[in-house]
Amino acid sequence: MQHLKYRFEAHMEVHVGSIDEEDDEQGIAHMIEHVAFLGSKKREKLLGTGARSNAYTDFHHTVFHIHSPTSTKDSEGDLLPVVLDTLNEIAFQPKFLVSRVEKERRAILSELQMMNTIEYRVDCQLLQYLHSENKLSKRFPIGLEEQIKKWDADKIRKFHERWYFPANATLYIVGDIDNIPQTVNHIEAVFGQTGTESEAYTAPTPSAFNAMANFLVPKLSVGLSNALSSERAQANGEKKKIRKERHAVRPPVQHNWSIPGSYADSKSPQIFQHELLQNFSINMFCKIPVNKVRTYGDLRNVLMKRIFLSALHFRINTRYQSSNPPFTSVELDHSDSGREGCTVTTLTVTAEPQNWRNAIKVAVQEVRRLKEFGVTNGELARYLDALLKDSEQLASMIDNISSVDNLDFVMESDSLGHTVMDQRQGHESLVAVAGTISLEEVNSVGAEVLEFISDYGKPSAPQPAAIVACVPKKVHIDGIGETEFKIEPEEILASIEAGLKEPIEAEPELEIPKELISSEQLQELSLQQPPSFIPVDQEKKMTKVYDEETGIIQRRLSNGIPVNYKISKSEANSGVMRLIVGGGRAAESAESKGAVIVGVRTLSEGGRVGNFTREQVELFCVNHLINCSLESTEEFISMEFRFTLRDNGMRAAFQLLHMVLEHSVWLEDAFDRAKQLYLSYYRSIPKSLERSTAHKLMLAMLDGDERFVEPTPNSLQQLTLEQVKEAVMNQFVCDNMEVSIVGDFSEEDIESCILEYLGTVRERKGSERAQKYSPILFRPYTADLQHQQVFLKDTDERACAYVAGPAPNRWGFTFEGKNLLESDSTASTFGEHVKFEEQPQELENSDKVMQGKLRTHPLFFAITMGLLQEIINSRLFTTVRDSLGLTYDVSFELNLFDRLKLGWYVISVTSTPGKVHKAVDACKNVLKGLLSSRIAPRELDRARRTLLMRHEAEIKSNAYWLGLMAHLQATSVPRKDISCIKDLISLYEAATIEDVYIAYEQLKVDDNSLFSCIGVAGSQAGEVATGSVVLEEESVEGLQNIIQVGRGSSTMTRPTT
């Protein structure tokens, strides 16, 4: 089995978590995780080797993990023993220094406030009701603030002595490890004596280390636990723990299962109402014991449930997308949870508050329809075939699954008691059982999963473990404004009952197209516009440019569409294609604000092409395992297709792309849904501390430019379907497009597809108009707008802040009109401002040549800004978090555009209301401090190694190659050429400290250029200034989806670093 060459993962899982804490210890396991991990000197020594490490705590486990190279140039031999020794120190021999305890106490208190978003509070509410009968409902891993403030080092040490020893841990190792006996010897040498001197009783195994070392066990995504899981339960919760001095094994968590007659009385719906919630959501839970997947019979059940639930998902999300549905989304998840020790089925319905009754009714009605009539023969054949194809695809990629994915699956399966199989074994097993299932069995097994909804209220039905509605306190009513939202449990039950009484009919069989373009139509298209390749390079007149080093081939079609492709065997039998169109939101005019972003969403919502309905197009994609996405950014519109090479999957993807370009259907109801979605985004901004703070900052920095913010209600009302169609289709012109493809195809097949489906697209020109945009300007210094605050009423206190300022774009262009690569900005003049240390040795001639090449290379600023970002992030962590204890989470990010002639940086920091101003000042000091505190060679080396390791890890990914190839032939990004890919590694290696300072000089970090905005939430926040978060006429760009609900974020802590 192959893994990422020369790297491995080692995870130490200690079987102790928040469930093991006493009433006065809530959060102590998480505290130990922090102190042990960040207090380890051996871990610090690993930082320069290219290793990455982190840790987390959940209900039942504390996990420390290290991702490491097998060796380095500087190390004498194998790094595995060093990594194991580090894990031994972290888990079993930490030093509970008072100074470290105090540092981590501050960090955790900041983490607690940072995590306490409305989404986290919703998660907690769901868990409290779902597990009301046991400790899971009141032992969230993050802990309680008042207790975290009190513990001293001695209290923490005693908890560690009680639980942290080798017999109560499991070690997992996955990666490029060939010599298993030697690895076992390393494990025994490091851990063999740890803890034995104080143990009165050890496990009856040859080694005192009662851990299971799991090697090279890969991930299976279809057929076992992961097939039904939407979260990765990363731990083993069912092993018996043998503790020192014969401590009694702790009792497992006791659940009240959702089985018929399990409750004397049914549970009334619970309502969580909060002013920061924007939308209505309801969750109906069913909780049963985990069915361990150990036999073919178990696997058959898993497969039949997946087929059944796939049909439900498709029916709801496709049928209702063709009209204006009463819901935003309806999802039914059936998954095993290792963290919670149970299998949970969840029906989640989200909707605009005014539509909540109909949303519940429709969801219940659709569940009943599937339960009563079952899946059709066509659905059975379709989804069984899709699942088998997906499984076969995974099996073919067995040598490219990352070590961490393999390890996550092993840990999850271990916790759930499932048999672990690799991808090939899993596929063979699925094939073996697939032929034995029948329509009747699928419908029988699937119906059982749905009975808690479809038969709600009947004595024979399982009682829901909980019904929880999360609702806003106020809602916006057109023509009235904000009004109080009222809802009662009885009304929820009445809506469920209404859905139970709605008439239902069997699902009709749909006719699924085998192809979107017939061979006859294709022949006719070729006659109308004979496709051919034309010269890529007008000077050399070459119609095919092949780069041997990268394997990239560049072509250009006679209609003007440039194409790049690369044949790659890294992901067997799969491919990915991306269409990039220049323009994006920057091309929006003052008269049509929001037209591009709403237009792209309209196209996506409609989903129709030619004479085919949305349902037919969706099922065409299901049959060919095509995953398609369409999105817009500030400067581009992009469309991406992931496909399998089996059963003409690539040809099918090209057919779909051709139809989108030539025969898109623009629907009024899809336009209405798109507008409603952005209206909802806009109105939700004041209910999010982070988004309202970022909103205010963006407005100030970009002088209110609405192309970088969400469209306002006024802008949305002004838009028409014709306007948004024109805004999008004006950009879809041949000389403004670029298509890149990477995959395991033959040259003959890919060129055939390119000619037949892209070459027959009608020639349309207009790139100059599509790429034209009004200037984007940073606001000149204004004292009252440079540094602002946002106040948000909330029941809990939180704070966050953003600091931002101008930067050049990726290619050295600035908003002031400068072309830095053609000015003297990259000359060696920065030494006048900063005195550099002498190099320890003379540079080799070849290094000097490469160093000189870097200064004039198109990628100079992309390379040096990337290194600068790593260095600043490291300093922010060391100073603002570790030394000063002002935050848990701080980051520096650069937004470097490709086409637009500007960029910016943003520092994001979370803190407490009492510390947030100090945190912002500290961030600014770090940013400005690179002048007074010079970058050290070790800082640059670490940043370089981090970026090169990341590149090495991702280079086998098709999607990563797509990113590298982007804009190779784009007229809007003229500086991008093949050298930007070929020279990437050598440019990173050639970069010097002086180069990084040249990049740093182009960041505007002076007081007149810095913009900051501090957000504070709490019951007393901004008594006088609550109006400061009322939206004016703009909002923040890049909003995420409407608040999601689930149980994920509250079941475990965030990674420690």
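Aspartate 703, which follows helix H21, has a positive phi near 55°. Helices here are DSSP runs of H or I with at least four residues, strands are runs of E with at least two, and both are numbered from the N terminus. The model is predicted, so local features need pLDDT of at least 70 and side-chain atom pairs pLDDT 80 or more, whereas totals for chains, interfaces and linings use all residues. Residues are numbered from 1 along each chain as its sequence is written, and side-chain values use heavy atoms, without hydrogens and water.

H21 (residues 689-701) spans 18 Å from its first C-alpha to its last, close to the 18 Å expected at 1.5 Å a residue, the expectation being 1.5 Å times one less than the number of residues. Of its 13 residues, 12 are buried (under 20% relative accessible area, with exposed over 50% and partly exposed in between; 1.4 Å probe, protein chains only). Among the elements covering them are helix H20 (668-684) and strand S22 (903-911), where contact means heavy atoms within 4.5 Å.

Rings of Phe, Tyr and Trp (its six-membered ring) pair if their centres lie within 6.5 Å; planes under 30 degrees apart count as stacked, over 60 as edge-to-face and the rest as tilted. The count comes to 12 aromatic pairs, including the two tabulated here.

| Pair | Centre to centre | Angle between planes | Class |
|---|---|---|---|
| Tyrosine 678 and tyrosine 681 | 5.4 Å | 90° | edge-to-face |
| Phenylalanine 892 and tyrosine 905 | 5.8 Å | 25° | stacked |

Tyrosine 678 and tyrosine 681 both lie in H20, 3 residues apart. Phenylalanine 892 and tyrosine 905 are both buried.
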